[in-house]
Amino acid sequence: SVGELIALLKRDPGKYNYGSIGNGSLSHLAMEAIALTSGTQMVHIPYASSPAAMTAIMRGDVQMGCLPAISVTPHAGSGSIKILAVSTARRSPYLPQIPTLKEAGIDVDADAWMGMIAPAHTPEGIVAKIQREVVEAIGTEAVREKLAAQLMEPIGNSPAEFRARIESEITRWAPVIRAAS
């Protein structure tokens, strides 16, 4: 369990390694946030990709990681790994039996997300048209199925909501980055 992992990390500070998909990646920041929040110490081993980090976990080169669901779930049924928690604010509809980190007692929310961007001086009318078409596209069954196959949930918000999300993420991660530096 997450609680047992935290107890182990506290018992032997700095003894256990975690793999990430690179310095500054969400998987790196999520693990640093877990360490900061739980008062534990782990050693960061960056890898070039999710598959490389996942392979390192399965081989025992590192003991843990916070990786994209699409990299983890194919291995969960084999018994080669165990999913302890999801790092999102709410349980995943694709893994409803797995608790969130918050439910497991670690107040960390690390949710990977993507957004479309354009050059700063793109006319508002073009931005609005792109936004409408993207929302329409992600609302189609075909696109939703493709995203679901990758364990992704489409949102389709406005440019203002996207900007607010970016500002929120900067505020959220700045203390973690400072602590990890």
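Trainee: Is Glu-169 buried or exposed?

Mentor: Please bear in mind that this is a predicted model. Glu-169 has a relative accessible area of 11%. The cut-off for a buried residue is under 20%, so Glu-169 is buried.

Trainee: With which side chain does Glu-169 meet in a salt bridge?

Mentor: The general idea is that side chains of opposite charge can pair when their charged atoms come close. In this model Glu-169 forms a salt bridge with Arg-172, at 2.9 Å from N to O. Both residues belong to helix α7, which spans residues 159–180, and because they are 3 residues apart there, about one helical turn separates them. Arg-172 is partly exposed, at 28% relative accessibility, whereas Glu-169 is buried.

Trainee: Which residues are linked with Glu-169 and Arg-172 in a network of salt bridges?

Mentor: The network also includes Asp-109 and Arg-165.

Trainee: How many salt bridges does the structure hold?

Mentor: There are 8 salt bridges. One of them joins Glu-103 to Arg-91, with the closest N and O atoms 2.9 Å apart. This pair links distant parts of the chain, 12 residues apart, although both Glu-103 and Arg-91 lie in the loop between α4 (69–76) and α5 (124–138). Arg-91 has a relative accessible area of 35% and is partly exposed.

Trainee: How many bridges join β1 to β2?

Mentor: Strand β1, residues 17–20, is joined to β2 by 4 bridges. As an individual case, Gly-19 has Ile-45 of β2 as its bridge partner.

Trainee: Which residues have the most contacts inside the largest nonpolar core?

Mentor: The general idea is that, in soluble globular proteins, nonpolar side chains tend to be buried together. The largest nonpolar core in this model has 20 residues, and those with the most contacts inside it are Met-31, Ile-34, Met-42, Met-64 and Ile-106. At least two residues of this core come from each of α1 (2–11), α2 (26–38) and α7. The helix that gives the most is α2, with 6 residues. Apart from this core lies another, of 8 residues, which include Ala-56, Ile-57, Val-62 and Val-72.

Trainee: Which residues does Met-64 touch beyond four places away in sequence?

Mentor: Among them are Leu-5, Leu-9, Tyr-18, Gly-19, Met-31, Met-42 and Ile-57.

Trainee: Where does Thr-40 lie, and is Thr-40 buried or exposed?

Mentor: Thr-40 is in the loop between α2 and β2. At 9% relative accessibility, Thr-40 is buried. The side chain of Thr-40 makes a polar contact, at 2.9 Å, with that of Ser-38. Neighbours within four places in sequence aside, Thr-40 is in contact with Ile-6, Leu-9, Lys-10, Ile-34 and Ala-35.

Trainee: How many aromatic pairs does the structure hold?

Mentor: The structure holds 1 aromatic pair. Trp-113 and Phe-162 are arranged edge-to-face, with 5.5 Å from centre to centre and 85 degrees between the planes. The pair links distant parts of the chain, 49 residues apart: Trp-113 is in the loop between α4 and α5, and Phe-162 is in helix α7. Trp-113 is partly exposed at 32% relative accessibility, whereas Phe-162, at 17%, is buried.

Trainee: What distance separates the C-alpha atoms of Ala-180 and Glu-161?

Mentor: The two C-alpha atoms are separated by 29 Å, with Ala-180 and Glu-161 lying 19 residues apart along the chain. Ala-180 is found in helix α7 and is partly exposed, at 38% relative accessibility.

Terms used: Residues are numbered from 1 along each chain as its sequence is written. This is a predicted model: local features need pLDDT of at least 70, side-chain atom pairs count only at pLDDT 80 or more; totals for chains, interfaces and linings use all residues. Side-chain values use heavy atoms; hydrogens and water are left out. A salt bridge is a side-chain nitrogen of Lys or Arg within 4 Å of a carboxyl oxygen of Asp or Glu. Buried means under 20% relative accessible area, exposed over 50%, partly exposed in between (1.4 Å probe, protein chains only). Two strands pair if DSSP finds at least two bridges between them. A nonpolar core is a set of buried Ala, Val, Leu, Ile, Met, Phe, Trp, Tyr and Cys residues joined through side-chain atoms within 4.5 Å. Contact means heavy atoms within 4.5 Å. A polar contact is a pair of N or O atoms within 3.5 Å; within protein, one must be able to donate a hydrogen and the other to accept it, and residues adjacent in sequence count only if both atoms are side-chain atoms. Rings of Phe, Tyr and Trp (its six-membered ring) pair if their centres lie within 6.5 Å; planes under 30 degrees apart count as stacked, over 60 as edge-to-face and the rest as tilted.
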